[in-house]
Amino acid sequence: SCVRCSKNRRLRQKRVISERKLTRYFVDHRKVRVVGGQGGGGGHSFYSEPRKIFGGPDGGNGGDGGHVILKADRQMKSLSSVLPFYQGFHGERGGNKNCYGANGAYLYVKVPVGTLVKEDGKVVADLTQHGEEYVAAYGGAGGKGNRFFLSNENRAPTLFTPGEPGQERVLHLELKTTAHAGLVGFPNAGKSSLLRAVSNAKPAVAAYPFTTLNPHVGIVRYQDYEQVAVADIPGLIKGAHQNRGLGMAFLRHIERCHFHLYVVDLSVPQPWIQLQDLKYELEQYKKGLSEKPHVVVGNKIDLAESRINLPLLKEQIDGRVIPLSALTGDNLEELLVHLRELYDTYVKTERSRGQSPVKW
């Protein structure tokens with residue numbers, strides 16, 4: 001009844017989870033080893049009943065091993081839940097009285113829509129529709145029981161065969177589409193801070209370069225329930241097309257985005273040089289990549305140097321420049337409106353081609 005005891009009876013508060021544990025990386029490439037289930041062995045028995053001799057063999061065949069099947073699911077957005085190894089279910093052994101063993105159940109592995117399946121560098125499957133399936137590894141055939149080997153020459157066969165092993169393959173899964181929009185910029189341009197400001201994603205933010213080593217995807221939600229996926233691509237450096245820095249892997253992320261947001265640090269001298277270098281790296285990696293729909297985002301407008309460099313940047317480039325501050329939230333509304341315009345243009349273009357746009 002005292003105050004000290006009453007404090008002990010309070011509900012314990014949950015421990016605050018660190019930001020590092022809350023971070024969920026977006027995975028768009030996986031190396032998976034798949035093995036089909038092994039077939040069940042054939043049965044070995046002879047019919048036995050009182051007052052009935054020479055009943056003959058009655059060992060049934062074993063069941064087939066289960067397949068490993070990749071299935072496209074629109075609810076899956078990343079390959080982070082895909083494990084590096086999958087083993088199919090084994091078939092059961094054949095029983096007496098000519099009973100066949102049960103087949104192994106199929107093992108379904110859910111992957112996002114738009115997953116490419118490659119083997120030895122060659123595309124073996126392209127899962128573009130919801131519910132589309134691809135048999136990654138076939139299960140082994142079941143063995144034959146001694147009943148199968150009954151013949152006029154051999155009335156009491158003792159021969160039976162074991163089940164066949166399942167198919168084994170090493171596959172590379174790759175997502176064709178990372179997100180609708182990709183944040184492209186040099187290290188410390190403020191891409192992670194911008195993604196935090198426009199979505200609920202929690203990428204790590206720090207005052208040193210290469211804070212982001214894995215892409216993060218945030219969802220921008222609008223009042224009409226449309227969702228636009230924005231990817232925070234790790235920072236590029238000069239020579240990225242020659243695999244310098246974080247290299248080719250993250251240029252592939254940029255290639256899969258439908259439109260780009262070039263994030264430029266306005267506080268540095270001559271910020272238009274950053275934009276020229278970024279477009280040069282994209283063009284060297286793949287011709288025409290820098291010509292995708294895009295907008296230039298001038299970040300850190302809250303600094304005095306940025307206000308001086310903003311009119312100079314507008315004079316050097318022809319496209320639209322959206323100045324904002326991811327730290328203070330200044331002018332984020334203009335970016336969100338223009339982001340929706342880019343998304344609507346993408347949806348109309350895909351539908352005019354007879355293709356269904358990617359929805360999140």
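The protein has 7 helices and 14 strands, where helices (H or I, at least four residues) and strands (E, at least two) are DSSP runs numbered from the N terminus. This is a predicted model, in which local features need pLDDT of at least 70, side-chain atom pairs count only at pLDDT 80 or more, and totals for chains, interfaces and linings use all residues. Residues are numbered from 1 along each chain as its sequence is written, and side-chain values use heavy atoms, leaving out hydrogens and water.

Of the 360 residues in the protein, 44% are buried, meaning under 20% relative accessible area (1.4 Å probe, protein chains only).

Asp73 lies in strand S2 (residues 68–73). Asp73 is buried, with a relative accessible area of 10%. Leaving aside residues up to four places away in sequence, Asp73 touches Lys110, Val111, Pro112, Val113 and His130; contact means heavy atoms within 4.5 Å.

Now for a pair of helices:

| Helix | Residues in the helix | Residues meeting the other helix |
|---|---|---|
| H3 | residues 191–198 | Leu194, Ala197 and Val198 |
| H7 | residues 332–352 | Leu332, Leu335 and Leu336 |

By class, the contact of H3 with H7 has 6 nonpolar, no polar and no charged residues. The axes of H3 and H7, which are lines fitted to C-alpha atoms over the stretch in contact, come within 11 Å and cross at roughly 80 degrees. H3 and H7 are therefore roughly perpendicular to each other, a term used for angles of 65 to 115 degrees.

Note on methods:
Buried < 20%, exposed > 50% of the residue type's maximum accessible area, 1.4 Å probe, protein only. Axes fitted to C-alpha atoms, helices over the stretch in contact; angles between N-to-C directions. Parallel < 35°, antiparallel > 145°, perpendicular 65-115°, else oblique. Nonpolar A, V, L, I, M, F, W, Y, C, P; charged D, E, K, R; others polar.
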